[in-house]
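Reader: Please take a close look at a single part of this chain. Which residues make the nonpolar surface patch? Please set that part in the context of the whole chain.

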Amino acid sequence: SRLYMGKDKYNPIGSLLGDMASSLMGGVTPSASSNSQTDAALKSALGSLSWTDVRSTLEKLQTPEERAFRDNLPKGYGKGSPLHKLRL
């Protein structure tokens, strides 16, 4: 897909982004019925879990290092991450 900026000005960045979006979406816009089918499939797979249930399950499965990750970001501790506020 070629995106134009005016009469004959070709925008290569716009074209690249448009082509990427088109290929990711498969060239088809999802319909409301496909969204409701996806929602129904997710609800049947997840059951009746609440966010509280999800959080408690996550906390049970996390290692101490994973639990401390967010607290260590401002200090730059732990495994390197682009989220660190301080790079050591």
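Author: From the N terminus on, the elements of the chain run α-α-α-α, and the secondary structure comes to 4 helices and 0 strands. Helices and strands are here DSSP runs numbered from the N terminus, with at least four residues of H or I for a helix and at least two of E for a strand. This is a predicted model, in which local features need pLDDT of at least 70 and side-chain atom pairs count only at pLDDT 80 or more, whereas totals for chains, interfaces and linings use all residues. Residues are numbered from 1 along each chain as its sequence is written, and side-chain values use heavy atoms, with hydrogens and water left out.

The patch in question covers about 580 Å² and is made by Leu42, Leu46, Leu49, Trp51 and Val54. Helix H2 (32-46) and helix H3 (51-61) are the elements that give two or more residues to the nonpolar patch, while Leu49 is found in the loop between H2 and H3. Patch residues have over 30% relative accessible area and no salt bridge; like charges are joined within 9 Å and nonpolar side chains (Val, Leu, Ile, Met, Phe, Trp, Tyr) within 5 Å. A salt bridge is a side-chain nitrogen of Lys or Arg within 4 Å of a carboxyl oxygen of Asp or Glu. Areas come from the Shrake-Rupley method with a 1.4 Å probe, and for residues only the protein chains shown count as cover. The chain exposes about 7,800 Å², of which carbon and sulfur atoms supply 61%.

The side chain of Ser44 reaches the backbone oxygen of Ala41 at 2.9 Å.

The C-alpha atoms of Glu65 and Gly78 are separated by 8.2 Å, although the two residues are 13 apart along the chain. Ser81 lies in the segment after helix H4 (64-72) and counts as buried because its relative accessibility is 13%. Leaving aside residues up to four places away in sequence, Ser81 touches Phe69, Leu73 and Arg87, a contact being heavy atoms within 4.5 Å. A polar atom of the Ser81 side chain lies 3.1 Å from the backbone nitrogen of Leu83. Of the 88 residues of the chain, 8% count as buried.

As to confidence, pLDDT is the predictor's confidence in each residue, from 0 to 100. The mean for the chain is 76, and 74% of its residues reach 70 or more. Among the elements, helix H3 has the highest mean pLDDT (89) and helix H1 (residues 12-25) the lowest (71). Over residues 1-5, pLDDT stays under 50. Where pLDDT is low, the predicted coordinates should not be read in detail.

Conventions:
Buried < 20%, exposed > 50% of the residue type's maximum accessible area, 1.4 Å probe, protein only. Polar contact = N/O pair within 3.5 Å; in protein donor to acceptor, adjacent residues only side chain to side chain.
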